[in-house]
Amino acid sequence: MNTGQGNTSRPFLALRHDQISITVDLGTVIPIDGLHLHAAELNDTAPQGLPSSHGIPRRFEVEVAKTSDFSDVVLLASDERKFIYQAGPILMIALPETAARYVRIQVLDPFLVTPMGENSRTSFAELELFSEGKNVALNKPVQLENTGSIRHPATALTDGRNLYG
């Protein structure tokens, strides 16, 4: 995913928000069994100025549905981190295999730049959804709700690239 060459991609970045919803439309109902969330590449040298999990929400849920209105919603995972060191540059979550067309990540508590809560943000270089080991979210459309201020577009979430590759 990061080859050091190829076309670059800027990470998705939402600033100053409380909760945000990120929905991927897979186009057809398929079995989902994994999620990888790639943190934004910080382009920093040692010592790192920010944690490698920068932008990954402190608490979020992963929901799936076969219908766009989520009337048949199934909660697949709930993730919470109390400390910045509980996630690295890639957060890999095994999901119980569930057939779905729509996958929604509900950010309940965003990443906080400061302990006092200023500068809340959610940022991912890439969002991958897996079915039998294949990323089925590649180049799929993404819809956002309650985003606050967007710095980089949601299309970066499924473009198959983080910094390079």
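1. **Ground rules.** This is a predicted model, where local features need pLDDT of at least 70 and side-chain atom pairs count only at pLDDT 80 or more, while totals for chains, interfaces and linings use all residues. Residues are numbered from 1 along each chain as its sequence is written, and side-chain values use heavy atoms, with hydrogens and water left out.

2. **Overall make-up.** You'll find zero helices and 11 strands here. Both kinds of element are DSSP runs numbered from the N terminus, with helices being H or I of at least four residues and strands being E of at least two. Read from the N terminus, the order is β-β-β-β-β-β-β-β-β-β-β.

3. **Burial and surface.** Of the 165 residues in the chain, 47% are buried. Buried means under 20% relative accessible area, exposed means over 50%, and partly exposed is in between, using a 1.4 Å probe and protein chains only. The accessible surface of the chain is about 8,500 Å², and carbon and sulfur atoms hold 48% of that surface. Those areas come from the Shrake-Rupley method with a 1.4 Å probe; for residues, only the protein chains shown count as cover.

4. **Contact range.** Among contacts with a separation of 6 or more, 78% link residues 24 or more positions apart. A contact here is heavy atoms within 4.5 Å.

5. **The core.** The largest nonpolar core holds 31 residues, and those with the most contacts inside it are Leu26, Leu35, Leu37, Leu95, Ile105, Leu127 and Leu129. At least two core residues come from each of S1 (12-15), S2 (20-38), S3 (59-65), S4 (74-80), S5 (90-109) and S8 (126-131). S2 gives the most, with eight residues. For the record, a nonpolar core is a set of buried Ala, Val, Leu, Ile, Met, Phe, Trp, Tyr and Cys residues joined through side-chain atoms within 4.5 Å. As background, nonpolar side chains tend to be buried together in soluble globular proteins.

6. **Leu37 up close.** Skip the neighbours within four places in sequence, and Leu37 is in contact with Ile56, Phe60, Pro89, Ile90, Leu91, Ile105, Phe124, Glu126 and Leu127.

7. **S2 and its partners.** S2 is mostly covered, with 14 of its 19 residues buried. S2 pairs antiparallel with S5 over 14 bridges, and His38 has Ile90 of S5 as its bridge partner. S2 and S8 also run antiparallel, joined by five bridges; there, Leu35 has Leu129 as its bridge partner. Strand S10 (residues 142-145) is antiparallel to S2 too, with four bridges between them, and Leu144 in S10 stands opposite Ile22. Two strands pair if DSSP finds at least two bridges between them.

8. **Salt bridges.** How many salt bridges does the structure hold? There are two, taking a salt bridge as a side-chain nitrogen of Lys or Arg within 4 Å of a carboxyl oxygen of Asp or Glu. One joins Arg101 to Asp25, at 2.7 Å from N to O. Arg101 sits in S5 and Asp25 in S2, so this pair ties together parts that are 76 residues apart in sequence. Arg101 is partly exposed, with a relative accessible area of 26%. In the other, Glu63 pairs with Arg104, and the closest N and O atoms are 2.8 Å apart. Glu63 belongs to S3 and Arg104 to S5, so here the parts tied together are 41 residues apart in sequence. Both Glu63 and Arg104 are buried.

9. **Aromatic pair.** The count is one aromatic pair. The rule is that rings of Phe, Tyr and Trp (its six-membered ring) pair if their centres lie within 6.5 Å, with planes under 30 degrees apart called stacked, over 60 edge-to-face and the rest tilted. Phe70 and Tyr102 have ring centres 6.3 Å apart and planes at 55°, so the pair is tilted. Phe70 lies in the loop between S3 and S4 and Tyr102 in S5, so the pair ties together parts that are 32 residues apart in sequence. Phe70 counts as buried at 8% relative accessibility, and Tyr102 counts as buried at 12%.

10. **Ala77.** This residue, Ala77, lies in S4 and counts as buried at 14% relative accessibility. Not counting residues up to four places away in sequence, Ala77 touches Phe60, Glu61, Val62, Ile93 and Leu95. From Ala77 to Ile105 is 9.5 Å, C-alpha to C-alpha, and 28 residues in sequence.
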